[in-house]
Amino acid sequence: MIILGVAISVLVVLAVGLAVARKVDGDSTNFLVAGRSLALPLSAAGLMGQAVDSNATLGNTDLSAGLGFWAGASLPLGLGICLLLTGIFFAKPMNRMGLLSLPDFYRRRYGRGIELVASVLMIFSFCILLAGNLVAGGFLFERFLGTNYTVGVLLIVGVVLAYTITGGMFSDAYTAFIQMVITVIGSAALLIWVAVTYGITIPEGMGPFDLGQLTDSAQGAPINWATLVALGIGDIVAIDFMQRIFSARSPETARRACFVGAAGTAVVGIPYALVALSSGAILGAPADGPVLFALLEGYAPAVLTILVLSAIVAASCSTANGVILGTACVAVRNIAGLEQQADPAGGRDPLLRRVRITMPVVVGIAIFFALRVPETGILLTLAFDLMLAGLVVPFVLGHWWATRVTSAAAAAAITVGVLLRLVLFALTPTFYGVDNTLFHIPNDLIGAGFDGWPTLICPVVALGVFVAVTLLAPRRTPSEPLPAAVPAER
C-alpha cells in the first residue's frame with residue numbers, strides 16, 4: 001500500500017511533465033528557460049524545488065537528531081538565506097541580462113577562459129549534487145520496496161530523465177509546483193502528527209534556542225556556521241537557481257520568487273528538524289539507518305508514511321531534474337561553446353538537440369558517483385566549498401565593481417581560493433564533523449578543532465587577492481559588454 005501510494009504520486013508528476021512538454025515547440029530558449037515566461041507561482045516553486053532536496057529532508061533529520069537543531073536545520077536555512085540574498089541583490093539584474101546559463105555571466109565579465117573554469121567547477125559540483133539525490137531515492141526504494149539499491153537509483157533516474165529530456169524547464173516548473181505542494185503538506189502533517197501523538201521533546205542543549213550551537217566551538221559552532229555560509233553564500237552561484245531566475249517573466253517576478261522560495265524552504269525544513277529532535281524519545285534507541293525512515297516504518301500511520309515518502313521523492317526529483325537540465329546546458333553551451341543559431345536543415349537551432357543528447361551523459365556520471373560512493377555528503381559539501389572559495393567573489397564583485405574587474409583578478413581569486421581550500425581539506429582530519437577518509441595528510445599543524453574554519457577563511461582570502469590584483473592591474477574592458485540599457489519590465 002505504501003509503495004502503491006508513492007508510485008501514484010510519481011506517476012502523476014511524470015504525466016504532468018510529459019503533458020507540458022509540447023510547450024517547448026522545438027525551441028532551445030523554451031527548453032532551457034521556459035521562454036522567459038514563468039509567472040510567480042511557477043518561478044517560486046521552481047526555486048523552492050531546487051532548494052528542498054534529500055539533504056534538506058533526510059540529511060536534516062539525521063544531523064538534527066544526532067547533533068542538535070542547528071546542525072540539521074542549517075541545511076534548509078542556509079539555502080533559504082541564499083534565496084533571500086539572491087532576491088535582494090542579484091535576481092533583478094541577472095534576469096535583465098537575458099542569459100541562458102550562469103557561466104554566460106562570467107564570459108561577459110571576464111572572458112572565455114574564466115567561463116571555462118567556472119563551468120568545470122559548476123559541472124563537477126552539480127553532478128555530485130545529482131548523485132546525492134539519487135542516493136536518497138536508492139535507499140528509499142531499497143527499504144520500502146524491497147529492491148536493491150542500484151534498482152532504486154535507476155528508477156529515480158528513469159522517471160526524472162523521462163520528463164526532463166522532453167519538456168525541459170517547462171516540465172521542471174510545472175512538476176516542481178506539484179512536488180512542492182506535496183512537500184509542504186507532508187512536512188506539516190509530519191510535525192502535527194508527532195506533536196499530537198508524542199509531543200515535541202527537545203533534548204537539553206539541542207533545541208533552536210540553544211545558541212551554544214552557534215557560539216561554542218565544543219558544540220560545533222564553526223561547523224554550523226560553515227554550513228550556513230557555504231549554502232547561504234556559496235549557492236548564490238548555483239546554476240539551477242540562476243536558470244530559474246532567467247526563466248521568470250520579469251525582473252520583479254524573479255525577485256519575488258526568490259523571497260517566496262526562501263520562506264517555503266524554511267517552512268519545509270524546520271518541521272523536519274523539530275521532528276528529528278523528538279525522535280530519540282519516540283524510538284528509544286539509535287535508529288538503524290535514516291532516522292526519518294525508522295520513524296515512518298515503525299510508528300507512523302500508512303497514510304502519513306505515503307505522504308512523507310512522496311514528499312521526499314518529490315524533493316529529490318525536483319532537484320534532480322533541475323540539475324540535469326542546468327548541467328547539460330553548461331556542458332553544451334559553455335564548455336563546447338555552442339551558440340543559438342538557425343539550423344539550415346530544420347529551421348531550428350541545434351542547441352536543443354545537443355543539450356538533450358548530453359543529458360544521459362550527465363546522468364551517467366551521477367549514477368557512477370551514486371553507486372561507487374553511496375554516502376556523497378563529504379563530496380557534495382567539498383564541491384560547494386570549492387564554489388564558495390573560487391566563484392562567489394568574481395560573481396559578486398562583477399556586479400558591484402563592474403567598471404574595474406579584470407580577468408586577471410578573477411583568475412587569481414579562483415586559483416588561490418580553490419587551491420587553498422583543497423590544501424586545508426587535505427590537512428584537516430575531519431570535514432563537517434566526519435572523518436576525512438577521502439584525502440588526509442597526517443600533520444601536527446591542524447587538528448579536528450579547525451574543522452569549519454577553512455570554509456570561512458578561503459573566500460575571505462580570495463576576496464583579498466581579487467581586490468589586490470584589480471587595484472594593481474590596468475583597467476580592462478569586458479570581452480562581451482553587458483547591455484547598456486535595462487529593458488522595461490513586462
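This is a short tour of the model, one selection at a time.

Before you click, note that the model is predicted, so to speak for local features a pLDDT of at least 70 is needed, side-chain atom pairs count only at pLDDT 80 or more, and totals for chains, interfaces and linings use all residues. Residues are numbered from 1 along each chain as its sequence is written, and side-chain values use heavy atoms, with hydrogens and water left out.

**Stop 1: helix α6**

Select residues 103–110, which make up helix α6. Helices here are DSSP runs of H or I with at least four residues, strands are E runs of at least two, and both are numbered from the N terminus. Eight of the eight residues in α6 are buried, where buried means under 20% relative accessible area, exposed means over 50%, and partly exposed is in between (1.4 Å probe, protein chains only). Colour by residue and you'll find Asp-104, Arg-107, Arg-108 and Arg-109 among the buried ones.

**Stop 2: the rings**

Now show the aromatic side chains. How many aromatic pairs does a search of the whole structure find? The count is 15. Rings of Phe, Tyr and Trp (its six-membered ring) pair if their centres lie within 6.5 Å; planes under 30 degrees apart are stacked, over 60 edge-to-face, and the rest tilted.

Pick Phe-89 and Trp-400: this pair is edge-to-face, at 5.4 Å centre to centre with 75° between the planes. Phe-89 sits in helix α5 (residues 69–96) and Trp-400 in helix α17, 311 residues apart. Phe-89 is partly exposed at 40% relative accessible area, while Trp-400 counts as exposed at 52%.

Then go to Tyr-110 and Phe-466, another edge-to-face pair, with 6.4 Å between centres and 85° between planes. Tyr-110 belongs to helix α6 and Phe-466 to helix α19 (residues 453–472), 356 residues apart. Are these two buried or exposed? Both Tyr-110 and Phe-466 are buried.

To see how the rings join up, select Phe-89, Phe-90, Phe-105, Tyr-106, Tyr-110, Phe-395, Trp-400 and Phe-466: ring pairs link them into a cluster.

**Stop 3: His-399**

Stay in helix α17 (residues 392–400) and pick His-399. His-399 is buried, with a relative accessible area of 17%. Contact means heavy atoms within 4.5 Å. Not counting residues up to four places away in sequence, His-399 touches Phe-90, Pro-93, Met-94, Met-97 and Phe-105.

**Stop 4: α1 against α14**

Select residues 2–19 (α1) and 302–335 (α14): they pack at about 40°, with axes 9 Å apart. Axes are lines fitted to C-alpha atoms, for helices over the stretch in contact, and angles run from 0 to 180 degrees between N-to-C directions. That makes the two helices oblique to each other; under 35 degrees is roughly parallel, over 145 roughly antiparallel, 65 to 115 roughly perpendicular, and the rest oblique. For the side chains, show Ile-2, Gly-5, Val-6, Ser-9 and Val-10 in α1, which meet Thr-305, Ile-306, Leu-309, Ser-310 and Val-313 in α14.

**Stop 5: Leu-130**

Finish in helix α7 (residues 112–144) with Leu-130, which counts as buried at 1% relative accessibility. Leaving aside neighbours within four places in sequence, Leu-130 contacts Ala-320, Val-323, Ile-324, Val-362, Val-363 and Ala-366.
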